[in-house]
Structure formats: C-alpha cells, structure tokens
Amino acid sequence: MKRQITISMNIGFCSGVRRAIEKAQTAAAQFGKVAMLGEIVHNEKVVQQLEEKGVHVYRSLAKIEKGTPVIFRSHGTPPAVWKEARRRDLTIIDATCPLVKKIHDAVRELENEGRQIVIIGDHNHEEVEGIASQVRAAKVIASADEAKSMPMTSKIGVVIQSTQDIFNVKEIVAVLLTKTNDLHVVNTICKPTRERQEQIRRLASENEVMIIIGSTSSANTNRLTTLARAINPNTYQIADSTELQAEWFKNVQTVGVSTGASTPDELVEAVVEKINEFP
Ligand code: SF4
C-alpha cells in the first residue's frame, strides 16, 4: 500500500556527532588503531561499524596502550581526564562539539559572576557531567519537581544540556524564578536540536502515525519520542525496520518519520520501504 510518508528534514547524525565520527575514521585510517573513551554515540550499530574500522571503545584511560591515540567524544571531556591523558603522554584527538564547548564557556562565565550553577539536564549523562566538571559546584536538575527542592539562593546561573526539550526547560525555569531575584539563563539547547524538535512537533501533529528511529539507550532519541507522543499517541520508537509492526499502520494513510541525533540516516530508507509494504 502506498502511503504518504514524510521524512523530517533533519535526520541522521547531528553536526557534532558527524564531525566526531569523521575524525575517528580519519584517525583510524592514519594510525591503524585508535581508542575512544566511551561510546561516540549511543547507537550499538555505529559503535560496531567503527570497531570494524579500528576505533575501539575503552572505559578508562588506564587501559589504553601507550602509542594508541585517544579520541575525546563530541559530548565533552572533564579537565581531569584531559590532564591524566597528557600525564600519560597519549596523543589526544579532540572531537568535542564546538556547541558543547560554548556551554563550557557559558557555565564558567556564570560561575565567575558568583552564581550558584544549575545545569538543566539528565543525571549521569556524559555531556552534563562534562559541563559540571568545568566549575567547582553545579546542581543538576532534570525536572520541575526537582527544582522545587532548591533553597532560596541570591544568584542563580543556568545552562542547559544541548538536547533538552524547551518545554521541560520552561517549566524548570518557572520554578527557579521563585527561588531567586537574580536569575541568568543561557539557552544552550543547540540549534540542530531545536530544529529537529520543531520538525518532529509538526510531523507528529500532521500525520496519523509518527515513527522515531533510534536506540532506547540514546537519551536524546527517547526525549524526541516523548515529545512526539505528547502530540500524537500513535508514536513508536524503533531501533531499525525489523521492529516495525503491521498493526500500527492498519488503515493509516499518513506517516511521519524522524530519527535521534545518534541514528545513522541510512536506516531511514529501509524503514520507509517496509512501511509501504504493510497492507
Ligand atoms: S546535539 Fe548539538 S551540541 Fe550535542 S553534539 Fe550534536 S550538534 Fe553538538
């Protein structure tokens, strides 16, 4: 059955992830083997493909053999890890996204203004930990409920994890306004994320079914699914085309498709083909 399938304009890797993957591939071609400190993206297939090209994931610097260059990922890497890599005399390939570096600059500036730092973001996420590591003390807040437990504070400075949903941020900021008379918020949600979110909102409202492609281990993909599902309950997140189910498309004429920022865009074609095959 030929359905009307609309693919979001922004699909596949965001510019930061694409840049990091290109750097990793170039380094592997040059050095034969390179170490990646943690996974470059939260996507098992991409990690596996890179592994085949000589990019191997390590959990700590201690395990990286001398002479093997190390890639620091797009999410950003804490200064202590930089220091340790230099101490070990490792060749560092810095793939930190320039937009993440801007968040680091912003949070340090806010600290220099003498503010209590709040990072709106996911607990235990590498990007958030990287931002927190730029300053002496930072409080991570993931929801408006968490913000309610903040004490009254004279000066608060806020930065935001690059992939946060603006509506969640607005709710948190509204609570923070009740906790201080001096609030400085730097909107550090990155442009690629904002554009992707806007397109997904539109597609979710204009189509009967919405498909988001991406691993459930990717926080940004899960957030995009939540965002789409709030508008359209017939939203499904799949890792790839094999997870599509015929019953989702019964009597359905219009489908919107998008992906997380860590999903390779080549997965989209197979998804579109399979959706068209369903009766
Ligand atoms: S989501 Fe935005 S800030 Fe994060 S790596 Fe991608 S482009 Fe950079």
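1. Asp-89 is exposed, with 8 other C-beta atoms within 10 Å. The scale runs from buried (20 or more other C-beta atoms within 10 Å of a residue's own) through partly exposed to exposed (12 or fewer), with C-beta atoms placed from the backbone. Asp-89 sits in the loop between helix H3 (79-87) and strand S5 (92-94). Its phi is near 65°, a positive value in a residue other than glycine. Helices (H or I, at least four residues) and strands (E, at least two) are DSSP runs, numbered from the N terminus.

2. This is a predicted model: local features need pLDDT of at least 70, side-chain atom pairs count only at pLDDT 80 or more, and totals for chains, interfaces and linings use all residues. Residues are numbered from 1 along each chain as its sequence is written.

3. Asn-251 also has a positive phi, near 60°, and is not glycine. It lies in the loop between strand S11 (235-238) and strand S12 (254-259). Asn-251 counts as exposed, with 7 C-beta neighbours inside 10 Å.

4. The ligand is surrounded by 14 residues, the closest being Cys-14, Gly-16, Cys-97, Ser-162 and Cys-190. The criterion is a C-beta atom, placed from the backbone, within 6 Å. Helix H1 (15-31), helix H4 (98-112) and H8 each give at least two residues to this shell. H1 has the largest share, three residues. By class the shell holds eight nonpolar, six polar and no charged residues. Ala, Val, Leu, Ile, Met, Phe, Trp, Tyr, Cys and Pro count as nonpolar, Asp, Glu, Lys and Arg as charged, and the others, Gly among them, as polar.

5. The largest nonpolar core has 25 residues; Val-118, Ile-119, Ile-120, Val-158 and Val-159 have the most contacts inside it. Such a core is a set of buried Ala, Val, Leu, Ile, Met, Phe, Trp, Tyr and Cys residues joined through C-beta atoms within 7 Å. H4 supplies the largest share of this core, five residues. Apart from this core lies another, of 21 residues, among them Ile-40, Val-41, Ile-71 and Phe-72.

6. Helix H8 (residues 191-206) and helix H9 (residues 219-231) have axes that come within 8 Å and cross at roughly 35°. Axes are lines fitted to C-alpha atoms, for helices over the stretch in contact; angles run from 0 to 180 degrees between N-to-C directions. The contact includes Ile-200 and Ala-204 of H8 and Leu-224 and Leu-227 of H9. Contact means C-beta atoms, placed from the backbone, within 7 Å. Its residues are six nonpolar, two polar and two charged.

Methods. Two residues are in contact if their C-beta atoms, placed from the backbone, lie within 7 Å.
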